[in-house]
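Reader: Hey, can you walk me through the pockets and the core of this one?

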Amino acid sequence: MIDLQTVNANVSRVPFFRFLNFEVQSLDNLHAEAEMTFESRHIGNPVMEHYHGGIIASFMEATAAIAVHPDFADVPAKPINLTVDYLRPGLKGPLYARADVTRKGKRIASLSVITWQIEREKPIAEGLYHFLLV
């Protein structure tokens, strides 16, 4: 059984994860869901107050890393490749991500990740991530 309180305590120990300001909402062996609170430092377009694309991709990567290796405090999974498709702008407000493990071998894990705001059926971005399992 994966303890969300322990996972979120580990998240709070990672400086970049603290910068992103997110919390894991659900987690099991095949997926993770997280919510990121909007902060002014996440803005990429100050006129429109949209999320920076790098913040969105980083949030997706963090969620994927937790899905593939929830006990990342000891030895984290290492990202080796990612592809992100931006589908619509991320507006001011909370952002949600879901990472699904599509394949997890002994050395490599593949995940698909979607990010949305109000409706999961209208994703902001979707991506494919690959991690080296150390």
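This is a predicted model: local features need pLDDT of at least 70, side-chain atom pairs count only at pLDDT 80 or more; totals for chains, interfaces and linings use all residues.

Reader: What volume does the largest pocket have?

Author: About 250 Å³. A pocket is an open set of points on a 1 Å grid over the protein atoms alone, where a 1.4 Å probe fits, with protein on both sides within 12 Å along at least five of seven lines; lining residues have an atom within 4 Å of a point. The volume is the space filled by probe spheres set on the points, which are joined across faces, edges and corners.

Reader: And which residues lie nearest its centre?

Author: Phe17, Glu61, Ala62, Ala65 and Ala77, out of 14 lining residues. Helix 3 (53–68) gives the largest share of that lining, five residues. Helices here are DSSP runs (H or I, at least four residues), numbered from the N terminus.

Reader: OK, switching to the core. How many residues does the largest nonpolar one have?

Author: It has 38, and Phe131 is among those with the most contacts inside it. Helix 3 gives the most to this core, eleven residues. Such a core joins buried (under 20% relative accessible area, 1.4 Å probe, protein chains only) Ala, Val, Leu, Ile, Met, Phe, Trp, Tyr and Cys residues through side-chain atoms within 4.5 Å.

Reader: What does Phe131 touch?

Author: Leaving out residues up to four places away in sequence, its contacts (heavy atoms within 4.5 Å) include Glu61, Ala65 and Ala77.

Note on methods:
Residues are numbered from 1 along each chain as its sequence is written. Side-chain values use heavy atoms; hydrogens and water are left out. Helices (H or I, at least four residues) and strands (E, at least two) are DSSP runs, numbered from the N terminus. Buried means under 20% relative accessible area, exposed over 50%, partly exposed in between (1.4 Å probe, protein chains only).
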